[in-house]
Amino acid sequence: MSLSVYNSFTRKKEEFIPLHEGMVGMYVCGPTVYGPPHVGHARSYVNFDVVRRYFEYKGYRVKYVQNITDVGHLVGDSDDGQDKIAVQASKENVDPFELAYKYESIYFKFMDLLNVKRPSISARATGFIPEMIDLVQAIIDKGFAYVTKEGNVYFSVHKYKEYGKLSGRKLENNLSGERIEIADDKENPEDFALWKSAIGGHIMRWNSPWGVGY
């Protein structure tokens with residue numbers, strides 16, 4: 001009996017055919033580690049753990065990759081917000097990297113209590129900054145992103161004609177700017193940040209072709 005899965009791109013169930021026979025690759029967005037896990041984390045990761053275990057039950061070898069967001073998650077919806085980890089680190093008077101490791105460890109302890117299997121690979125965002133910079137530069141080179149004089153890089157949603165095809169969202173229905181202040185160096189309110197300049201006393205910062213940022 002074949003295995004069918006729902007394809008969110010085509011909006012229908014389709015027979016599951018792995019790219020490599022006998023193997024399944026799963027990528028699941030992991031936690032932003034600035035505080036203890038909550039019931040929302042439990043719901044999400046228990047769900048994906050069931051999917052993973054079912055693939056394994058069916059005889060597949062599963063490579064399950066989950067990222068750890070330890071930099072770059074801004075407070076609120078605005079691209080002008082502060083990094084959540086930097087804000088919490090200031091409240092607890094610790095280094096942001098120390099804070100992120102603390103809550104990453106707590107997250108895994110909670111998942112262990114729920115009997116959620118650990119990922120094959122846990123990829124911290126801070127461990128892939130050079131790759132992110134290369135990818136952002138590739139997007140700029142293709143004409144889908146732009147650099148502002150402030151040293152920020154934004155993805156231009158209007159220049160990428162396929163934007164919204166996967167999510168089903170339409171640009172004309174985008175509510176960006178109705179509830180929040182928009183960064184004043186954007187070409188369009190809907191554009192979103194790929195790289196932010198580390199202005200002021202921002203502790204988490206890296207060198208890039210567009211200046212020091214994150």
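How many salt bridges does the count come to? The count comes to 8 salt bridges, a salt bridge being a side-chain nitrogen of Lys or Arg within 4 Å of a carboxyl oxygen of Asp or Glu.

This is a predicted model, in which local features need pLDDT of at least 70 and side-chain atom pairs count only at pLDDT 80 or more, while totals for chains, interfaces and linings use all residues. Residues are numbered from 1 along each chain as its sequence is written, and side-chain values use heavy atoms, with hydrogens and water left out.

**Whole chain**

Start with the protein chain in cartoon view. Its secondary structure comes to 4 helices and 8 strands, taken from DSSP runs (helices: H or I, at least four residues; strands: E, at least two) and numbered from the N terminus. Along the sequence the pattern reads β-β-β-α-β-α-α-β-α-β-β-β. Of the 214 residues, 37% count as buried; buried means under 20% relative accessible area, exposed over 50%, and partly exposed in between (1.4 Å probe, protein chains only).

**Helix H4**

Select residues 129-141, which are helix H4. Its 13 residues reach 18 Å from the first C-alpha to the last, close to the 18 Å expected at 1.5 Å a residue; the expected span is 1.5 Å times one less than the number of residues. Now show the side chains of Ile129, Ile133, Val136, Ile139 and Ile140, which are buried. They lie on the same side of H4 because they cover an arc of only 120° around the axis, the arc being that of the directions from the helix axis to the C-beta atoms. An α-helix has 3.6 residues a turn, so residues three or four places apart point the same way. Pro130, Asp134, Leu135 and Asp141 are exposed on the other side of H4.

Just after H4, Gly143 takes a positive phi of about 90°.

**Helix H2**

Move to residues 84-92, helix H2, where Lys84, Ile85 and Ala89 are the buried residues. Seen down the axis, these fall within an arc of 130°, so they line one face of H2. They pack against H3. The face turned away from the buried side carries the exposed Ser90 and Lys91. Just after H2, stop at Asn93, with a positive phi of about 60°.

**Salt bridges**

Select Arg124 and Glu104, whose side chains meet in a salt bridge (3.0 Å, N to O). The pair links distant parts of the chain, with Arg124 in strand S5 and Glu104 in helix H3, 20 residues apart. Arg124 counts as partly exposed at 34% relative accessibility, whereas Glu104 counts as buried at 10%.

Next come Glu150 and Lys149, joined by a salt bridge (3.1 Å, N to O). Lys149 is exposed, with a relative accessible area of 79%, and Glu150 is partly exposed at 33%. Glu162 and Lys165 form a salt bridge as well (3.3 Å, N to O). Finish this stop with Arg52, Glu56 and Lys117, which are linked in a network of salt bridges.

**Last stop**

Which residue sits in the loop between helix H3 (96-113) and strand S5 (121-124)? Leu114 has its place there, and at 43% relative accessibility Leu114 counts as partly exposed.

Definitions and conventions. Contact means heavy atoms within 4.5 Å.
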